[in-house]
Amino acid sequence: MPLIKTVAIVANPVAGQGKGRAIAQQVRQSLEAEGMEAIVIFDLPTVKRGQLATVDAIVVIGGDGTLRAVASRCLEVRKDIPPLLPVPIGTANLMGRHLGIHWQTSDLDQQVVRSIQAGRIVTLDAARANGQLFLLMAGVGLDALIVHELDRMREGPINYASYVLPAALAIATYRYTPLELAVDGKMIFPSAPAMAFVANVSEYGTGFPIVPDARPDDGLLDVCVISVDSPMDALQKFLHAAAGEHVLAEGVVYARGKEVEVRSPQPVPVQIDGDPAGHTPLRIDVLPMRVPFIVPASGDSK
């Protein structure tokens, strides 16, 4: 990796129960002490084009949504995405879990500096979902409705407890709509009530993998369609998934490909990387590019 001289620090100031702002300033001071130029950004939508267009790397402090927003903004202002170093302080932190990032809070700023200096890079696939950048996973159906309800109800920072009421409302009101899925132009699931998951990584917010074989470096998306026709049926299917027994179960279809299309007779909620993303129809395509991530220096993530 080329020598990094200029670093942008993009932080969600309310992430981590409001710790994002303080962490950003600590990281900036430590980078500057090592001779690097560092800029801190708290309001990504208003950032000037030049601030991201010329940086060599970006430290992203926040959750998966912040990470995706930063990568998306980079593609708006430059031809590539510079190496991203996640400091995961969101709720699910799926990318941090996938990359094995578990910063020690006592000297987090120094660990970030050492990781940038060490320059260990992994590159992961990316995709577009209805025009939006897609890094982790998408859900169509009940889990997406929970995300939509949370977004409608939330006020300020969230944690896992914030999902309890939205989940209860979604489970009580959701009506399972028939879904139809095609992968690389081939129909894999005819119209039937179901939930669908499209994944670039195997990690999922429940803590157990819904799409267990997904790999973000194979140029493919993994698709899991689970037929569901009632709340009780959904509960049983999730219990099977928690036990790792759902992939081969009756009514479950697992596939892999570069292009995924989801259609339905009525609009069905969609979530992308844990954020609400409209409704079906949904089209996801693997991009002809990969996103570089800086991973912790050896011994700095435990």
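The second largest pocket holds about 390 Å³ of space. A pocket here is an open set of points on a 1 Å grid over the protein atoms alone, where a 1.4 Å probe fits, with protein on both sides within 12 Å along at least five of seven lines. Its volume is the space filled by probe spheres set on the points. This is a predicted model: local features need pLDDT of at least 70, side-chain atom pairs count only at pLDDT 80 or more, and totals for chains, interfaces and linings use all residues. Residues are numbered from 1 along each chain, and side-chain values use heavy atoms, without hydrogens and water.

The second largest pocket is lined by 20 residues. Lining residues have an atom within 4 Å of a point. Ile23, Pro88, Ile89, Thr105 and Leu108 lie nearest the centre. Helix 2 (20-33) gives the most to this lining, with 4 residues. Helices are DSSP runs (H or I) of at least four residues, and strands (E) of at least two.

| Residue | Phi | Relative accessibility |
|---|---|---|
| Asn93 | near 55° | 14%, buried |
| Asn130 | near 50° | 39%, partly exposed |

Buried means under 20% relative accessible area, exposed over 50%, and partly exposed in between (1.4 Å probe, protein chains only). Asn93 sits in the loop between strand 4 and helix 5. Asn130 sits in the loop between strand 5 and strand 6.

The peptide bond from Thr280 to Pro281 is cis, with omega near 10°. Pro281 lies in the loop between strand 14 and strand 15.
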